[in-house]
Amino acid sequence: MDFNSKKGFICDMDGVIYHGNKILPGVPEFINWLKEEKKEYLFLTNNSGYTPRELQQKLARMGLDVPEKHFYTSALATASFLKEQAPDCSVYAIGEAGLFNALYDAGITMNDCNPDYVVIGEGKSYSLESLTKATNLVMKGAKLIGANSDVSGPIENGIAPACGALVSPIEMATGKKAYFCGKPNPLMMRTGLKLLHCHSAEAVMVGDRMDTDVISGLESGMSTVLVLSGVSTRETLDTYAYRPTIVLDGVGDIVKVAKGK
């Protein structure tokens, strides 16, 4: 693949840029290359817990200078979807600051009596009590929304259950299926391309997961890079009917390929 001819790069974060609070090898070189070559770029994360400012500060603590405008999260995608579908709706939400801020900024109010939607994101506030509340609100007619369908995400010492796993008990208890707004939902990818001012043919999706990153790039018409710095291995490829455009060990290899090293 000719990375130099591409105008825009959409990159996942967990397992691509960092693991927990540890920056991955080759990331500073990759970000410097994006800036030097004046590429449009967007860090797109399915983790709904952080606000763009928190993500910007998280990278700053690791020594990376990336302005806030370069981040887009599944929480923002969820809030955008709800604002378009049902302006002025109310929700019962389980999640962190990233989700609540995005919902408030979109003019959506909180309601634990008779909300229009139950919205689930990643969160430490997740408990049997909040789960029971959410289940009964869905039984009463609230529509169930998940910020993303990831069942797990990489952390420093293993994996953590992610939004898809946290929504699952509500789906099982109610018999209702959630609608997920994050990757691989094409809505999130289209918004990403719009923010990059890029056509899909001019853009690259970089991620560590076949089931969210590669499939979302592929179905949006982008070239795709699977990096092996997160949850996927070369063996993972054999379990899917589709393939990424290229497989690399990490994002630092994008720079090496681009420079012909």
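In the predicted model, helix α3 (residues 74-85) and helix α4 (residues 97-105) approach each other, their axes coming within 8 Å and crossing at roughly 30°. Because angles under 35 degrees count as roughly parallel, α3 is roughly parallel to α4. The crossing of α3 past α4 is right-handed. On the α3 side the contact is formed by Ala75, Leu76, Ala79 and Leu82, and on the α4 side by Gly98, Leu99, Ala102 and Leu103. Classified by residue type, this contact of α3 with α4 comprises 7 nonpolar residues and 1 polar residue, with no charged residues.

Helix α3 also contains alanine 77. This residue has a relative accessibility of 8% and therefore counts as buried, the cut-off being under 20%. Beyond its neighbours within four places in sequence, alanine 77 is in contact with Tyr72, Cys181 and Met188. The C-alpha atom of alanine 77 is separated by 28 Å from that of tryptophan 33, which is 44 residues away along the chain.

The largest nonpolar core of the model has 31 residues, and those with the most contacts inside it are Phe3, Phe9, Phe43, Leu59 and Val206. Two or more residues are given to this core by each of β1 (8-11), α1 (27-36), β4 (40-45), α2 (52-61), β13 (203-207), β14 (223-227), β15 (246-248) and α9 (252-258). Of these, α1 gives the most, with 5 residues. When residues up to four places away in sequence are not counted, phenylalanine 9 touches Phe3, Phe30, Trp33, Leu34, Lys39, Glu40, Tyr41, Leu42, Leu196, Val204, Val206 and Ile254. In soluble globular proteins, nonpolar side chains tend to be buried together.

Several loop residues have backbone features of note. The peptide bond from lysine 183 to proline 184 is cis, with omega near 5°; proline 184 is found in the loop between β12 (179-180) and α7 (186-196). Aspartate 88 belongs to the loop between α3 and β6 (90-94), whereas histidine 197 lies in the loop between α7 and β13. With a relative accessibility of 70%, aspartate 88 counts as exposed. Histidine 197, at 69% relative accessibility, likewise counts as exposed.

Methods
Residues are numbered from 1 along each chain as its sequence is written. This is a predicted model: local features need pLDDT of at least 70, side-chain atom pairs count only at pLDDT 80 or more; totals for chains, interfaces and linings use all residues. Side-chain values use heavy atoms; hydrogens and water are left out. Axes are lines fitted to C-alpha atoms, for helices over the stretch in contact, and angles run from 0 to 180 degrees between N-to-C directions. Helices (H or I, at least four residues) and strands (E, at least two) are DSSP runs, numbered from the N terminus. Angles under 35 degrees count as roughly parallel, over 145 as roughly antiparallel, 65 to 115 as roughly perpendicular and the rest as oblique. A crossing is left-handed if the near helix is turned anticlockwise from the far one by less than a right angle, and right-handed if clockwise. Contact means heavy atoms within 4.5 Å. Ala, Val, Leu, Ile, Met, Phe, Trp, Tyr, Cys and Pro count as nonpolar, Asp, Glu, Lys and Arg as charged, and the others, Gly among them, as polar. A nonpolar core is a set of buried Ala, Val, Leu, Ile, Met, Phe, Trp, Tyr and Cys residues joined through side-chain atoms within 4.5 Å. Buried means under 20% relative accessible area, exposed over 50%, partly exposed in between (1.4 Å probe, protein chains only).
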